[in-house]
Amino acid sequence: MNKIQFLYDLSDRTNFRNGARPGKHTASRHDLSLMVTPVGMSYECEATEKLSLTSTDQKKTVVLYLSEVHIQPFDITSDFVYSEDYKCLTDQQKQLEETLPLILGLTLGVVIVIILAVYHVHHKMTANQVQIPRDRSLYKHMG
């Protein structure tokens with residue numbers, strides 16, 4: 001999405017309780033690069049994305065908060081049938097933050113088990129061998 005136009009009516013007291021200037025207004029932005037999605041995939045983002053638009057009402061800023069977005073920008077076959085999801089960067093980072101500690105913990109556990117197994121095997125193999133004294137003064141007692 002490279003541009004967006006948002007039409008709103010400040011007379012609507014359901015969504016705008018304290019509208020300063022009642023009436024219909026428009027806010028837009030034309031320099032966007034939002035919801036970039038590979039061809040053949042749908043775009044999904046559960047995280048909240050903040051989008052600032054410029055209003056025609058005395059050049060005020062209108063802020064839209066988009067959350068739980070799921071769109072199918074290409075190859076629309078029927079309503080509510082989405083292609084494979086392409087997650088937004090915020091969701092990808094959140095998923096990595098949740099799984100990375102698990103992966104690191106499992107890797108550390110496997111390394112510890114391998115070290116203990118190697119130590120155990122080494123200890124068993126060297127237990128029956130004659131130990132050569134490290135102190136040379138003990139050589140006179142060998143014999």
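Mentor: Let's start with terms: two strands pair if DSSP finds at least two bridges between them, and strands themselves are DSSP runs (E, at least two residues), numbered from the N terminus. Keep in mind that this is a predicted model, where local features need pLDDT of at least 70, side-chain atom pairs count only at pLDDT 80 or more, and totals for chains, interfaces and linings use all residues. Residues are numbered from 1 along each chain as its sequence is written, and side-chain values use heavy atoms, with hydrogens and water left out.

Now, strand 4 and strand 5 pair in the antiparallel sense over six bridges, and Lys50 has Tyr65 in strand 5 as its bridge partner. Strand 4 also pairs with strand 2, again antiparallel, over two bridges; there, Ala27 is partnered by Ser55 of strand 4.

Strand 2 covers residues 24-29 and holds His25. His25 counts as buried because its relative accessibility is 12%, with the cut-off for buried set at under 20% (1.4 Å probe, protein chains only). Leaving out residues up to four places away in sequence, His25 touches Phe6, Leu7, Tyr8, Leu10 and Asp57, where contact means heavy atoms within 4.5 Å. A polar atom of the His25 side chain also lies 3.5 Å from the backbone oxygen of Gly23.

Conventions: Helices (H or I, at least four residues) and strands (E, at least two) are DSSP runs, numbered from the N terminus. Buried means under 20% relative accessible area, exposed over 50%, partly exposed in between (1.4 Å probe, protein chains only). A polar contact is a pair of N or O atoms within 3.5 Å; within protein, one must be able to donate a hydrogen and the other to accept it, and residues adjacent in sequence count only if both atoms are side-chain atoms.
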